[in-house]
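Here is a briefing for a first look at this protein. Please read it beside the sequence and the model.

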Amino acid sequence: MTLDDVYKTIEAPSQGLYKEKGSKFLAFALPIENENEIKQHLTELKTKYYDARHHCFAWQLGIDGSNYRSNDDGEPSGTAGKPIYGQIRSFELTNIIIIVVRYFGGTKLGTSGLINAYKSAAADAINQANIIEKTIDVDLKIKFPYEAMNDVMRVIKEEEPNIVSQDFNLTCAMTLSIRESKINILLSRLEKIEFLSINSPFSEFLTDDRSGR
């Protein structure tokens, strides 16, 4: 990943499977945006596969690699959650959770066998998925009078933010979205438009030079 605001994740849920000595490892890879979704997915799969011996998982959120977790759910320490998370790292993915549901087949696999099983199941789920690149986008709200419409639309056309919403009543209001690496350029151009106000956490870092007008 060459840009700080670009990351790889999966486009949609996918499933994988690994079998060893009678045990079945059902792997579910799911895209996520927050920790509430993690709890929801875990609850749903534990409810659906209530009769399974283990529900092991690993997840990661964000692009700096600091927000992640893995869980062995009763398997020997380091034999389930860690190899699942290893596959997330190996494929350079984030905003993803992989849950592996194990049905015990009656024969113990040993430490190396378990590690290989959870790793293989997670890898299969990822291989079945469509891996995509996404950008970290930032929203900002602007308000301006009708007289500034041409100037605003010129900036929007040239800088190409997405128009999330717009409301043209007594005054004009728009919500724009743009990738994080381009936010400062957009803000610096917008702030030069007279009588336009900006609501964005990034706008405070820009110097308002319009006071002399």
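Helix H5 (residues 183-190) has the buried residues Ile183, Leu186, Leu187 and Leu190. Seen down the axis of H5, these residues fall within an arc of 95°, so they line one face of the helix. Buried means under 20% relative accessible area, exposed over 50%, partly exposed in between (1.4 Å probe, protein chains only). The arc is that of the directions from the helix axis to the C-beta atoms. Helices (H or I, at least four residues) and strands (E, at least two) are DSSP runs, numbered from the N terminus.

This is a predicted model: local features need pLDDT of at least 70, side-chain atom pairs count only at pLDDT 80 or more, and totals for chains, interfaces and linings use all residues. Residues are numbered from 1 along each chain as its sequence is written, and side-chain values use heavy atoms, with hydrogens and water left out.

**Cover of H5**
- The cover over the buried residues of H5 includes strand E8 (137-144), helix H4 (149-159), strand E10 (172-179) and strand E11 (197-199).

**Nonpolar cores**
- A nonpolar core is a set of buried Ala, Val, Leu, Ile, Met, Phe, Trp, Tyr and Cys residues joined through side-chain atoms within 4.5 Å.
- The largest one has 24 residues, and Phe25, Ile84, Ile88, Ile96, Ile98, Val100 and Tyr118 touch the most other members.
- Two or more residues come from each of strand E3 (23-31), strand E4 (54-61), helix H2 (81-90), strand E6 (96-103) and helix H3 (110-127).
- H3 gives the most to this core, with seven residues.
- A second, separate core of 19 residues includes Ala148, Ile156, Leu190 and Leu196.

**Aromatic pairs**
- The structure holds four aromatic pairs.
- Rings of Phe, Tyr and Trp (its six-membered ring) pair if their centres lie within 6.5 Å; planes under 30 degrees apart count as stacked, over 60 as edge-to-face and the rest as tilted.
- Phe25 and Tyr118 form an edge-to-face pair, 5.0 Å centre to centre with 80° between the planes.
- This pair links distant parts of the chain: Phe25 in strand E3 and Tyr118 in helix H3 are 93 residues apart.
- Phe25 counts as buried at 0% relative accessibility, and Tyr118 is buried with a relative accessible area of 0%.
- The rings of Tyr68 and Tyr85 have centres 4.6 Å apart and planes at 15°, so this pair is stacked.
- Tyr68 is partly exposed, at 39% relative accessible area, whereas Tyr85 is buried, at 12%.
- Ring pairs also link Tyr18, Phe25 and Tyr118 into a cluster.

Notes:
Contact means heavy atoms within 4.5 Å.
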